[in-house]
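Good morning, and thank you for the time.

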Amino acid sequence: MKIDCKHVWGHISAYIDGDVDASLRVEIDRHLEHCEICSAVMDSTRNVVVLIADDRVFEIPAGFSERLHSRLDAVLQESSASS
Amino acid sequence: MIARILAGESQLFHALIRPLERPVFVMLFMLLRNESDAEDAAQETFIKVYRNLHTFRGDAKFSTWVLSIARNEGLGVLRKRSTRPEEPLEHLFEVGGETEQGDFTPALLTDWREVPLEALERKELRESLCRAILNLSPIYRDVVQLRDIDEMDVQETAELLGISQGSVKVRLHRARTMLQKELVTVLKEYATPAGSQGWRRLFGRRA
């Protein structure tokens, strides 16, 4: 089976997740070796996936954890007092 | 730990939920798009988790259970907002999605130079990524958050969203394609200079 560019684009996400079967992976790898467009699409998509997973993208507000645990303390004390 | 908390060692609850503070906040921020509302909803979520801890049966992972409570909390806030005329409900409760028409072709390029993680020190880049994710329609934003940000597996994501595993994969594929299309032009400005070995770090890390 020889695959074309559109076929590769349809499997980019699964390929990144290691969720394509071995024979398809071989075909995609073979295609990527000679297709600079698909290689760049694959690399850029993988780059986006790596970047958005970083904790710095969505920042937690300063003091969030302290305020949360302080509120929880009040709830915990209230419930232990009532039990 | 849950059994000990239920048996009276309630202070252990703080430690139990620490790893979930961030995923819960991010989920609520993505739903509510407002830090203050997300923080309030996160507090309400963890209080509900504590009060309902005895109902947790262990059928799902604890993290999945907590995130589903957070999601319901966030959707509840949105429902309340939608009753206010000045804040119409965005298309948040749209259903389906797999038949949705759209352009899911990636941006075509002939070469790509890696944008290293160090580039995230720059606020403009973080804001661009954040904005691109928030601009996705909700069905795509949900899967990006759970799969790529919270790193949940396909099965957990499907359970939490109440959709099939196949739908999770289709939505994630489309979402990643849309993000690639949206972001490549912006990201090029942050790329590693040609000849650098930055790509080794990128490919050393499996998505």
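**The contact between the chains**

Let me begin where chain A meets chain B: the contact takes 47 residues from chain B and 36 residues from chain A, two residues being in contact if their C-beta atoms, placed from the backbone, lie within 7 Å. This is a predicted model, in which local features need pLDDT of at least 70 and side-chain atom pairs count only at pLDDT 80 or more, while totals for chains, interfaces and linings use all residues. Residues are numbered from 1 along each chain as its sequence is written, and chains are lettered from A and ligands numbered from 1 in the order in which they are written.

On the side of chain B that touches chain A, helix 9 of chain B gives the most, with nine residues. Helices here are DSSP runs (H or I, at least four residues), numbered from the N terminus. By class, that side of chain B has 27 nonpolar, eight polar and twelve charged residues. Ala, Val, Leu, Ile, Met, Phe, Trp, Tyr, Cys and Pro count as nonpolar, Asp, Glu, Lys and Arg as charged, and the others, Gly among them, as polar.

How many of its twelve residues are buried? Ten are, so helix 7 of chain B is mostly covered, where buried means that 20 or more other C-beta atoms lie within 10 Å of the residue's own, all placed from the backbone. Among these buried residues are Y140(B), L146(B) and R147(B). Their cover includes helix 4 (36-52) of chain A, together with helix 3, helix 6, helix 8 (154-161) and helix 9 of chain B. Just after helix 7 of chain B, E151(B) takes a positive phi of about 55 degrees.

Finally, the domains. Chain B is divided into domain 1 (2-82) and domain 2 (117-204), with bounds from an automatic or database domain assignment. The C-alpha centres of domain 1 and domain 2 of chain B lie 24 Å apart. Their contact takes eleven residues from domain 1 of chain B and eight residues from domain 2 of chain B. On the domain 1 side, helix 3 and helix 5 of chain B are the elements that give two or more residues. The residues of that side divide into six nonpolar, two polar and three charged.
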